[in-house]
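Please have the sequence and the model in view while reading.

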Amino acid sequence: MTPENRFRDYMRAFNASDWDALCQHYAPDIRLTIGNGTELIGRDAIVDFYRKVKTQTRRTIEIVKCFADANMLAAELQSEFLAVMDAPDFAVRPMAKGDRYFINSFALYEFENEQYTRIRAAVFRREFRPLAES
């Protein structure tokens with residue numbers, strides 16, 4: 001399987017909240033740095049973080065473009081967060097039920113064999129839409 005196709009499988013697992021399938025893509029000691037600079041180390045830390053995000057919002061990620069070379073994959077991603085509950089402590093910003101938050105980000109995925117060992121993401125564009133404006 002090509003790195004790009006494996007990445008598409010990874011994103012399908014993420015969007016479906018299939019945590020077991022998602023973990024298969026991670027090396028045990030994976031390091032993830034998300035767009036706000038927070039670093040998560042290990043499969044459990046990453047899955048715990050995203051489980052919380054997905055209890056507060058319905059988050060989906062669309063792959064705009066991705067390509068790989070050697071042991072690195074680069075991707076442009078478009079994410080939408082739809083608040084399914086009031087989330088005053090949400091990771092990005094406080095959100096009320098029904099609010100939407102969009103981010104366009106770039107991410108680098110380092111991998112060995114078929115598992116990601118390091119992921120670094122940077123946010124390029126942000127857009128917040130309160131429920132009243134949606």
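## Helix α3

Helix α3 (residues 43–56) lies across β1, β2, β3, β4 and β6, and runs at about 55° to β1. Axes here are lines fitted to C-alpha atoms, for helices over the stretch in contact, and angles run from 0 to 180 degrees between N-to-C directions. Helices (H or I, at least four residues) and strands (E, at least two) are DSSP runs, numbered from the N terminus.

This is a predicted model, in which local features need pLDDT of at least 70 and side-chain atom pairs count only at pLDDT 80 or more, while totals for chains, interfaces and linings use all residues. Residues are numbered from 1 along each chain as its sequence is written, and side-chain values use heavy atoms, with hydrogens and water left out.

The 14 residues of α3 should span 20 Å at 1.5 Å a residue, and its end C-alpha atoms are 20 Å apart, which agrees. The expected span is 1.5 Å times one less than the number of residues in the helix. Buried residues of α3 are I46, V47, Y50, V53, K54 and Q56; buried means under 20% relative accessible area, exposed over 50%, and partly exposed in between (1.4 Å probe, protein chains only). They pack against α1, α2 (19–24), β1, β2, β3 and β4, where contact means heavy atoms within 4.5 Å. K52 also has its place in α3, but K52 is partly exposed, with a relative accessible area of 44%. The C-alpha atoms of K52 and T2 are separated by 31 Å, and the two residues are 50 apart along the chain.

## The sheet

Six strands make up an open sheet with mixed pairing, in the order β2-β1-β6-β5-β4-β3. Strands β2 (39–41) and β3 stand at the edges with a single partner strand each, so one side of each is left without a neighbour in the sheet. From one strand to the next, the twist averages 20°. Two strands count as paired if DSSP finds at least two bridges between them.

Strand β3 (residues 57–69) pairs with β4 in the antiparallel sense over 12 bridges. Bridge partners in β4 include A83 for T57 and E76 for K65. The two strands form a hairpin with two residues between them, and A70 in the turn has a positive phi of about 55°.

How much of strand β4 is buried? Nine of the 12 residues of β4 (residues 72–83) are buried, so this strand is largely enclosed by the rest of the structure. Strand β4 also pairs with β5 (residues 100–112), antiparallel and over 11 bridges; A74 stands opposite L108 in β5. On from there, 13 bridges join β5 to the antiparallel strand β6 (residues 115–129), with N104 opposite R125 in β6.

## Helix α1

Helix α1 packs on the sheet, where it touches β1 (26–33), β3, β4, β5 and β6, and its direction makes about 175° with that of β3. For the 13 residues of α1 (residues 3–15), 1.5 Å a residue should give a span of 18 Å; the end C-alpha atoms are 18 Å apart, which agrees. E4, R6, F7, Y10, M11, A13 and F14 are the buried residues of α1. Just after the helix, S17 takes a positive phi of about 55°.

## A residue in β6

I119 is found in strand β6. Is I119 buried or exposed? I119 is buried, with a relative accessible area of 3%. Leaving aside neighbours within four places in sequence, I119 is in contact with Y10, Y26, I30, R31, L32, T33, L108 and Y109. I119 and G37 are 82 residues apart in sequence, and 12 Å apart in space from C-alpha to C-alpha.

## The largest pocket

About 410 Å³ of space lies in the largest pocket. A pocket, on a 1 Å grid over the protein atoms alone, is an open set of points where a 1.4 Å probe fits, with protein on both sides within 12 Å along at least five of seven lines; lining residues have an atom within 4 Å of a point. Grid points are joined across faces, edges and corners, and the volume is the space filled by probe spheres set on the points.

The lining of the largest pocket has 29 residues, of which I34, G35, Y50, R59 and I103 lie nearest its centre. At least two residues of this lining come from each of α1, β1, α3, β3, β4, β5 and β6.
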